[in-house]
Amino acid sequence: MLLSRRAFLASAAATASGSRFAVPLRVSVADEPRRGLPLTLGVMIWRIGDLLEFDEQVAWVGGAGFESLGFHAARGGRNWRGIEPADTDAAERRRIRKLIAPFSQCEIHAPFDAQLSANTPEKVLLRLERVLQFASDVGVSVVTVHADHPPPLDDNAATGNWHQALDRLDKAAEKTKVRIGIEFYSGFEWLRKPRRDWVGATLDVGHMYFDHMPGYRPWNTIGGQIRYLDDLLFHLHLHDNTGTVDHIEIGTGKVDWDDTLQGLAGIGYRGSMILEPNPDRVAPEGIRRSAAFLRQRVRELDLNV
Ligand SMILES: [Zn+2]
């Protein structure tokens, strides 16, 4: 009979203790079943090199060999471009849907000013509901929503509005069949209190590496944090961080990418991974190098599927 290493250790422990009821062994990372990590890499559209229009950026992302993309549900500004849902009629939504159809598991980043807080205003919830409908119309599978200072976990008096907001978004997400990834700096524990089917996390890996507040600290490592999130990890934003400067080229900062990739493989992550370079810090060549770096690490860690 072939025994897995884990089963062998468990049976050895049971024999040693002289009982069928062995003390459960702590399973180390090395004992996890080996799983590969399919890379569905994408780029967040904002500005790539010089200011490019939205459609030109989509073409660049496809031409550079990416499988996915993300964009902001906002018009943009002097230096960047997104798409404001209110500017799009049914025909324009069909056009965008066709334009991004070659990419899988695309993301929309909700506007920065439509963020969750301890007291999310009604107008923000309405706006987010419209973003979810827009995402559904253009064939996007996940909407990222920022959370600014969720209430403290133990402050029962302060959590009523927070729960109401999440319940409402969970319903809207279920209706549109678009998942919501909340982008937290802290407060990830909220995702399980209670668990909601359509609300999970967009983990911004680079943001977890600020020296003054490492977001992974409650779990010791980024890999530990990823394992904690497990199937509540809906989506990823990837960029590197020196500890003080973020959104830089992947492989040039402090992020432990091997631990990140092994953690993702360990939980069987199957979502897309969106690079979020700051165009003032990363030239188009740096975006390509970031993707090549990740693909090479996956090969060298033997995580290819
Ligand atoms: Zn992000």
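User: Where does Pro194 lie?
Analyst: In this predicted model, Pro194 lies in the loop between β5 and β6.

User: What kind of peptide bond joins Lys193 and Pro194?
Analyst: A cis one, with omega at about -5°. Most peptide bonds are trans.

User: Where is Gln105, and is it buried or exposed?
Analyst: Gln105 is in the loop between α3 (90-100) and β3. Gln105 counts as buried because it has 21 C-beta neighbours inside 10 Å, and the cut-off for buried is 20 or more.

User: And Asp230, where does that one lie?
Analyst: Asp230 is in the loop between α6 (222-229) and β7 (233-238). Asp230 has 14 other C-beta atoms within 10 Å, so it is partly exposed.

User: Stepping back, how many helices and strands are in the protein?
Analyst: The protein has 8 helices and 8 strands. The strands form a closed barrel of 8, in the order β1-β2-β3-β4-β5-β6-β7-β8, with parallel pairing. From one strand to the next the twist averages 30°.

User: Take β3 and β4. How many bridges do they pair over?
Analyst: Strand β3 (residues 107-109) and strand β4 (residues 142-146) pair over 3 bridges, in the parallel sense. Glu107 stands opposite Val142 in β4.

User: What does α4 touch on the sheet?
Analyst: Helix α4 packs on the sheet and touches β3 and β4. The direction of α4 makes about 155° with that of β4.

User: Switching to α5. What should its 17 residues span?
Analyst: Helix α5 covers residues 160-176 and should span 24 Å at 1.5 Å a residue. The C-alpha atoms at its ends are 25 Å apart, which agrees.

User: Which residues of α5 are buried?
Analyst: Trp162, Ala165, Leu166, Leu169, Ala172, Ala173 and Thr176 are buried in α5. They cover an arc of only 130° around the axis, so they sit on the same side of α5.

User: Why would residues three or four places apart point the same way?
Analyst: Because an α-helix has 3.6 residues a turn.

User: What is on the face of α5 turned away from the buried side?
Analyst: That face of α5 carries the exposed residues Gly160 and Gln164.

User: And what do the buried residues of α5 pack against?
Analyst: The buried residues of α5 pack against α4 (122-138), β5 (179-183) and β6 (199-204).

User: Now the core. Which residues touch the most other members?
Analyst: The largest nonpolar core has 76 residues, and the ones touching the most other members are Val43, Leu69, Val131, Ala135, Val143, Ala201 and Leu275. In soluble globular proteins, nonpolar side chains tend to be buried together.

User: Pick Ala135. What does it touch?
Analyst: Leaving out residues up to four places away in sequence, Ala135 touches Ile108, Val140, Val143, Thr176 and Val178. Thr176 is also one of the buried residues of α5.

User: Last one: what percentage of the residues count as buried?
Analyst: Of the 305 residues of the protein, 39% count as buried. As for contacts between residues at least 6 apart in sequence, 73% join residues at least 24 apart.

Definitions and conventions. Residues are numbered from 1 along each chain as its sequence is written. This is a predicted model: local features need pLDDT of at least 70, side-chain atom pairs count only at pLDDT 80 or more; totals for chains, interfaces and linings use all residues. A nonpolar core is a set of buried Ala, Val, Leu, Ile, Met, Phe, Trp, Tyr and Cys residues joined through C-beta atoms within 7 Å. A residue is buried if 20 or more other C-beta atoms lie within 10 Å of its own, exposed if 12 or fewer, and partly exposed in between; C-beta atoms are placed from the backbone. Two residues are in contact if their C-beta atoms, placed from the backbone, lie within 7 Å. Helices (H or I, at least four residues) and strands (E, at least two) are DSSP runs, numbered from the N terminus. The expected span of a helix is 1.5 Å times one less than its number of residues. The arc is that of the directions from the helix axis to the C-beta atoms. Two strands pair if DSSP finds at least two bridges between them. Axes are lines fitted to C-alpha atoms, for helices over the stretch in contact, and angles run from 0 to 180 degrees between N-to-C directions.
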